[in-house]
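Please look over the sequence and the 3D structure shown here before reading the briefing.

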Amino acid sequence: MKMLVTPILCACLAAFVPAGDAAAQANWRQDSDGPRAARRQGPPLSVREIERRVVPRLPGAQYLGFDFDPATEVYTLKFLRNGSVIWVDVDGRTGAIVRKSGS
């Protein structure tokens, strides 16, 4: 009976040993640090700073307001010009316009 228990016990223990080499584990750690690294950079720019940078770039458009998505840290600014709605997505970290829809 003892001869049967030892191989089964070894097989069960081997199932709990992490698989893969050290390089794969290091890559996993680097990938999982992405959100933490973003948080270490500090909070995104304020909406007032975003407005200061973006509103002057749409002359003749009426600024209506904004929305902020904390998951992506993207501000969406809404404008109205000649009856058309213009949506401008702005990176909250850099203040760069990442997308503009409407005319």
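The briefing below starts with the whole chain and then turns to single elements and residues.

This is a predicted model, in which local features need pLDDT of at least 70 and side-chain atom pairs count only at pLDDT 80 or more, while totals for chains, interfaces and linings use all residues. Residues are numbered from 1 along each chain as its sequence is written, and side-chain values use heavy atoms, with hydrogens and water left out. The protein chain has four helices and four strands, and from the N terminus on these elements run α-α-α-α-β-β-β-β.

**The chain as a whole**

- Helices (H or I, at least four residues) and strands (E, at least two) are taken as DSSP runs and numbered from the N terminus.
- Of the 103 residues in the protein chain, 17% are buried, where buried means under 20% relative accessible area, exposed means over 50%, and partly exposed lies in between (1.4 Å probe, protein chains only).
- The accessible surface of the protein chain comes to about 7,700 Å², and 60% of this surface belongs to carbon and sulfur atoms; such areas come from the Shrake-Rupley method with a 1.4 Å probe, and for residues only the protein chains shown count as cover.
- A contact means heavy atoms within 4.5 Å, and among contacts in the protein chain between residues at least 6 apart in sequence, 27% join residues at least 24 apart.

- In helix α4, which spans residues 47–54, the residues Val-47, Ile-50, Glu-51 and Val-54 are buried.
- These residues are on the same side of α4, because they cover an arc of only 100° around the axis, the arc being that of the directions from the helix axis to the C-beta atoms.
- The buried residues of α4 pack against β1 (62–69), β2 (74–81), β3 (84–91) and β4 (97–101).
- Arg-48 and Arg-52, on the other side of α4, are exposed.

**Salt bridges**

- As a general point, side chains of opposite charge can pair when their charged atoms come close.
- The structure holds five salt bridges, each being a side-chain nitrogen of Lys or Arg within 4 Å of a carboxyl oxygen of Asp or Glu.
- One of them joins Arg-48 to Glu-51, with the closest N and O atoms 2.8 Å apart, and both residues lie in helix α4, three residues apart, or about one turn of the helix.
- Arg-53 counts as partly exposed, with 34% relative accessibility, and Glu-49, Arg-52 and Arg-53 are linked in a network of salt bridges.

**Glu-73 and the loops**

- The side chains of Glu-73 and Arg-93 meet in a salt bridge (2.8 Å, N to O).
- Glu-73 lies in the loop between β1 and β2 and Arg-93 in the loop between β3 and β4, so the pair ties together parts that are 20 residues apart in sequence.
- Arg-93 counts as partly exposed, at 23% relative accessibility.
- Leaving aside neighbours within four places in sequence, Glu-73 is in contact with Pro-44, Phe-68, Val-90, Asp-91, Gly-92 and Arg-93.
- Glu-73 has a positive phi of about 55° although it is not a glycine, and Asn-82, which is not a glycine either, has a positive phi of about 50°.
- Asn-82 is found in the loop between β2 and β3 and counts as exposed, at 77% relative accessibility.

- Leu-64, Leu-80, Val-85 and Trp-87 make a nonpolar surface patch of about 320 Å².
- Patches are made of residues with over 30% relative accessible area and no salt bridge, where like charges are joined within 9 Å and nonpolar side chains (Val, Leu, Ile, Met, Phe, Trp, Tyr) within 5 Å.
- Trp-87 lies in strand β3 and counts as partly exposed, at 39% relative accessibility.
- Asp-89 also lies in strand β3, but it counts as buried, at 11% relative accessibility.
- Not counting residues up to four places away in sequence, Asp-89 touches Val-74, Tyr-75, Thr-76, Ala-96, Ile-97, Val-98 and Arg-99.
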